[in-house]
Amino acid sequence: MSGPAAAPESGWNRIITTITIRPGEAPPNELVELANAILAASFGGFLFGGFVGARHAGDRFILMNSNAKFSSTMQAQRQLHAASMMGFIRHGCKWGWKMAAFAAIFSGTHSLLTLYRNRDDVLNYVGAGGLTGCLFRVSAGLKPAIGGTALGMLLSFPIGMLMHGLDLTLGGGKERERVRLERLKARADMEEQWKAKLGATTGLIDAIEKELQPVLNNAGLQDYYMINPSQDASLAESDSASADVNVHDKK
């Protein structure tokens with residue numbers, strides 16, 4: 001007679017099980033890929049915004065100081081380079097955190113949808129793009145948020161088609177699923193080992209308690225202390241006498 005059928009794994013349980021980091025385990029691939037995407041996007045955004053900001057700051061410095069007089073050409077070049085550097089840093093930081101936020105929302109949503117649906121297809125990219133566009137435009141109002149959602153979904157569709165085609169060609173989806181299953185299997189084996197160690201410890205404690213039970217329930221010792229209450233009195237008297245002797249010695 002077969003046992004009861006196992007309950008299907010829900011999407012939320014799959015997400016929690018995958019992204020949970022246990023002691024002694026390597027971080028899951030989803031978190032590693034998310035961190036790499038954020039770092040790459042922030043670095044790329046910093047460089048792009050920095051170059052654009054440096055050029056804009058340099059042109060603005062030349063425009064604002066076209067009639068200014070400098071003591072030397074070296075001074076003018078130094079001030080121009082300083083203005084360009086400040087523009088590079090200012091605009092680079094601005095674009096860097098924006099691109100990092102974009103990558104975090106897009107990649108995180110895509111990974112969560114992939115785990116929840118247990119399927120990696122174009123719909124995950126479209127959903128991630130729509131949510132990213134909505135969050136980036138929601139501060140401007142309802143209509144811009146709807147427009148950002150539509151634009152994000154529209155732009156994410158060809159990207160999703162390209163990435164999904166490359167994933168099928170290179171076999172990346174099967175590799176990720178294999179790694180995920182191996183990680184779940186290793187975690188289950190570790191839990192079984194902990195349960196076995198816990199069972200052995202519990203058995204050892206029970207055996208020690210059984211061996212000490214006759215000593216704890218020794219009727220002879222209990223009768224001795226119950227029948228000879230003078231023993232406790234004599235012990236108390238000897239303790240008091242020793243205390244008096246110590247007091248007199250100190251005096």
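**Entry 1. Contacts along the chain**

Among contacts between residues at least 6 apart in sequence, 67% join residues at least 24 apart. Contact here means heavy atoms within 4.5 Å. I noted that residues are numbered from 1 along each chain as its sequence is written. In this predicted model local features need pLDDT of at least 70, side-chain atom pairs count only at pLDDT 80 or more, and totals for chains, interfaces and linings use all residues, while side-chain values use heavy atoms, with hydrogens and water left out.

**Entry 2. Elements and burial**

I looked up the elements and found eight helices and zero strands in the chain. Read from the N terminus, the order is α-α-α-α-α-α-α-α. Helices (H or I, at least four residues) and strands (E, at least two) are DSSP runs, numbered from the N terminus. I then looked up burial: 21% of the 251 residues of the chain count as buried. Buried means under 20% relative accessible area, exposed means over 50%, and partly exposed lies in between (1.4 Å probe, protein chains only).

**Entry 3. H1 against H3**

I looked up how helix H1 (residues 11-19) packs on helix H3 (residues 73-117). The angle is about 125 degrees and the axes are 7 Å apart. That angle makes H1 oblique to H3. For the angle classes, under 35 degrees counts as roughly parallel, over 145 as roughly antiparallel, 65 to 115 as roughly perpendicular, and the rest as oblique. Axes are lines fitted to C-alpha atoms, for helices over the stretch in contact, and angles run from 0 to 180 degrees between N-to-C directions.

I noted a right-handed crossing of H1 and H3. A crossing is right-handed if the near helix is turned clockwise from the far one by less than a right angle, and left-handed if anticlockwise. On the H1 side I listed Gly-11, Trp-12, Arg-14, Ile-15, Thr-18 and Ile-19, which meet Leu-112, Leu-115, Tyr-116 and Arg-117 in H3. By class, this contact of H1 with H3 has six nonpolar, two polar and two charged residues. Ala, Val, Leu, Ile, Met, Phe, Trp, Tyr, Cys and Pro count as nonpolar, Asp, Glu, Lys and Arg as charged, and the others, Gly among them, as polar.

**Entry 4. H3 against H4**

I looked up H3 and helix H4 (residues 122-137), which pack at an angle of about 140 degrees with their axes 8 Å apart. H3 and H4 are therefore oblique to each other. H3 passes H4 in a right-handed crossing. The contact includes Lys-98, Ala-101, Phe-102, Ile-105, Phe-106 and His-110 of H3, and Asn-124, Tyr-125, Ala-128 and Gly-129 are among the residues of H4 in it. By class I noted eleven nonpolar, seven polar and two charged residues in the contact of H3 with H4.

**Entry 5. Residues in H3**

I looked up His-110, which lies in helix H3. His-110 is buried, with a relative accessible area of 13%. Leaving aside neighbours within four places in sequence, His-110 is in contact with Asp-120, Asn-124, Tyr-125 and Ala-128. His-110 and Ala-128 are 18 residues apart along the chain, and their C-alpha atoms are separated by 5.3 Å.

I looked up Ser-84, also placed in helix H3. Ser-84 counts as buried at 18% relative accessibility. Not counting residues up to four places away in sequence, Ser-84 touches Ala-54, Ala-57 and Gly-58.

I looked up Ala-101, found in helix H3. Ala-101 is partly exposed, with a relative accessible area of 25%. Ala-101 and Ser-42 are 59 residues apart in sequence and 8.4 Å apart in space, C-alpha to C-alpha.

I looked up Ala-35 in helix H2 (residues 29-64). At 37% relative accessibility, Ala-35 counts as partly exposed. Ala-35 and Ala-103 are 68 residues apart in sequence, and from C-alpha to C-alpha they are 9.3 Å apart in space.

I looked up Ser-156 in helix H5 (residues 142-170). Ser-156 is buried, with a relative accessible area of 5%. Apart from its neighbours within four places in sequence, Ser-156 is in contact with Phe-106, Tyr-125, Val-126 and Gly-129.

**Entry 6. Cysteines**

I searched the whole structure for disulfides and found zero. A disulfide is counted as a pair of cysteine sulfur atoms within 2.5 Å. Cys-93 is partly exposed, with a relative accessible area of 43%. Cys-134 is partly exposed too, with a relative accessible area of 23%.
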